[in-house]
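Dear colleague,

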Amino acid sequence: MSQENGSGLILVLREQFLTELRTVNETSSRYGLILSEQGMLELAQARTRALFDQGRVELGVSAVKSIVDGFCDSPYLLQDDYEATLLELVDAFYYFKNACGDQLTDDELIQAMRERYDAYAGSVEAVISTSLETMCRARRFGLTEDADEEDEDDERDDK
Amino acid sequence: MTNETTSNALLTLAPDAPSYSENPEILYLLLEERIRRYTMGDSTSVPVDTARRLLESILYCLDIQRRADKNALPDSAPMKTRWQAGVDAAKRTAKRAKLLLLQAQRTPPPLSNTAYCDTLTALPAFFAGYDADFFAQEIPCSFDYPLCQPVSDALFGAEYIQDFLRRMLAENAFLRAFSADALLSLYEKYYIDYADLLVNLYLPAAEMATLCALSGAPVRALSLTPEQLASINQKLLSINDAEARQRMEDAADSALFELGLTSDFLCAYTKQAARDLLVRLRATCE
């Protein structure tokens, strides 16, 4: 396999990913959210870096599209911090994907992240800093933010 | 590896796999399809290790097809067709290997040891876990019986197991030509604890049978006096390497003839054991 072929393929893949992101705008624009060309390039880099950091491989359709689709109708996601939020969500997604040992599907994980995001009034920090267990438990049992915290308090009291 | 190449690093991840000149773009598409099938569409990404295993499986199946089905499909045939033919070939090999396992279970040697029994018990797990569609190159079981002449490291998956069983069956066939008493007496002299040590059962019998044939003693007895052994040693040292090697091979042939064993594979296997013995005898004397 020549290096030349490999490099050519990488460029093709990057272009494919950018094309995919452009189609994402069609959906998100309905909610007033648009990714700029610069934002797309940054997202492409963030995705590549996240995959590298988490030791994962993604070929073909990217989960980034699903992440955008899963979050774009959140009332807490605004154009001002849209691109920055996406970058962090992409990082968190691949981190959690490894953390769950691939036991959650992409859609389940995105749904769990979204619920956490909304429960904490659009706090990406809340999504990133939570544990996978907490996030899944909250999703499975439909716990609210308060109930979730109460549970954690109870656990601490028990100790 | 730079960040830029990360998600495509797989294209160069399998340096040991036979790559020939597969088109990387088509290979990429095939890998993408395999990942999609593997995750059943639930996930767009997989850990690097999983992707590497899937890629190795693709390359391995292409290689099997190239070796096994040379006339049926030319290299110019679509990669997916060749890969599918490789998967089918791997499945056929696994089926043939399963028959060999059944044969090995039906025809045990007169005496066995723990490693042998554990291996025979462990091997069915291979057939339960072997997945030619995704991981054709893998051996999903663990066994440790040491064959006299181990399987080549170049073999993988069902091919490895098939060759392992072929060798094990040849060894069994040889051992079944002897009585349990003769073997027990030999093992007790050869190994401290043949039953529990990780040792091969065929090697002592093959060597002693060759030496018996060399000295003109009855092969089935598997026994020589110290004087007979010394005499053989002297005889082998007094001739040059080529001649000694020929005598050992002839002796292995005679032993097999006396035992009524005619398999070409077993003949080559026993001759190799005889040649290895000669090397050790000469090294000891030097």
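Chain A has eight helices and one strand, where helices are DSSP runs of H or I with at least four residues and strands are runs of E with at least two, both numbered from the N terminus. Read from the N terminus, the order of these elements in chain A is α-α-β-α-α-α-α-α-α. Of its 159 residues, 42% count as buried, a term that stands for under 20% relative accessible area, with exposed meaning over 50% and partly exposed the range in between (1.4 Å probe, protein chains only). Among the contacts in chain A with a separation of 6 or more, 66% are made by residues 24 or more positions apart, a contact being heavy atoms within 4.5 Å.

Before going further, please bear in mind that this is a predicted model, in which local features need pLDDT of at least 70 and side-chain atom pairs count only at pLDDT 80 or more, while totals for chains, interfaces and linings use all residues. Residues are numbered from 1 along each chain as its sequence is written, chains are lettered from A and ligands numbered from 1 in the order in which they are written, and side-chain values use heavy atoms, with hydrogens and water left out.

On the cores, the largest nonpolar one has 99 residues, and those with the most contacts inside it are Ile161(B), Leu165(B), Phe174(B), Phe178(B), Tyr202(B) and Leu222(B); such a core is a set of buried Ala, Val, Leu, Ile, Met, Phe, Trp, Tyr and Cys residues joined through side-chain atoms within 4.5 Å. Domain 1 (18-89) and domain 2 (107-132 + 141-285) of chain B both contribute residues, so this core lies between them, the domain bounds coming from an automatic or database domain assignment. A second, separate core of 38 residues includes Ile67(A), Val90(A), Ala112(A) and Leu132(A). Leaving aside residues up to four places away in sequence, Phe174(B) touches several residues, among them Tyr202(B), Leu256(B), Leu266(B) and Thr270(B).

Ala158(B) sits in helix α7 (residues 157-175) of chain B and, at 1% relative accessibility, counts as buried. Its partners beyond four places in sequence include Ala90(B), Thr93(B), Phe126(B) and Tyr130(B); of these, Thr93(B) is 65 residues away along the chain, yet the two C-alpha atoms are separated by 5.9 Å.

Which two helices of chain B cross at roughly 90°? They are α10 (residues 226-237) and α12 (residues 264-285), whose axes come within 11 Å, the axes being lines fitted to C-alpha atoms over the stretch in contact and the angles running from 0 to 180 degrees between N-to-C directions. The pair is therefore roughly perpendicular, a label that covers 65 to 115 degrees. Asn233(B), Leu236(B) and Leu237(B) in α10(B) meet Leu278(B), Leu281(B), Arg282(B) and Cys285(B) in α12(B). Leu237(B) is partly exposed at 42% relative accessibility, and its C-alpha is 9.8 Å from that of Leu278(B), 41 residues apart in sequence.

Finally, two backbone angles deserve a look. Most residues other than glycine have a negative phi. Ala121(A), however, has a positive phi of about 50°; it lies in the loop between α5 (106-119) and α6 (124-129) of chain A and is exposed at 51% relative accessibility. Leu222(B) also has a positive phi, near 50°, but this residue, in the loop between α9 (202-215) and α10 of chain B, is buried at 1% relative accessibility.

With best wishes

Notes
Angles under 35 degrees count as roughly parallel, over 145 as roughly antiparallel, 65 to 115 as roughly perpendicular and the rest as oblique.
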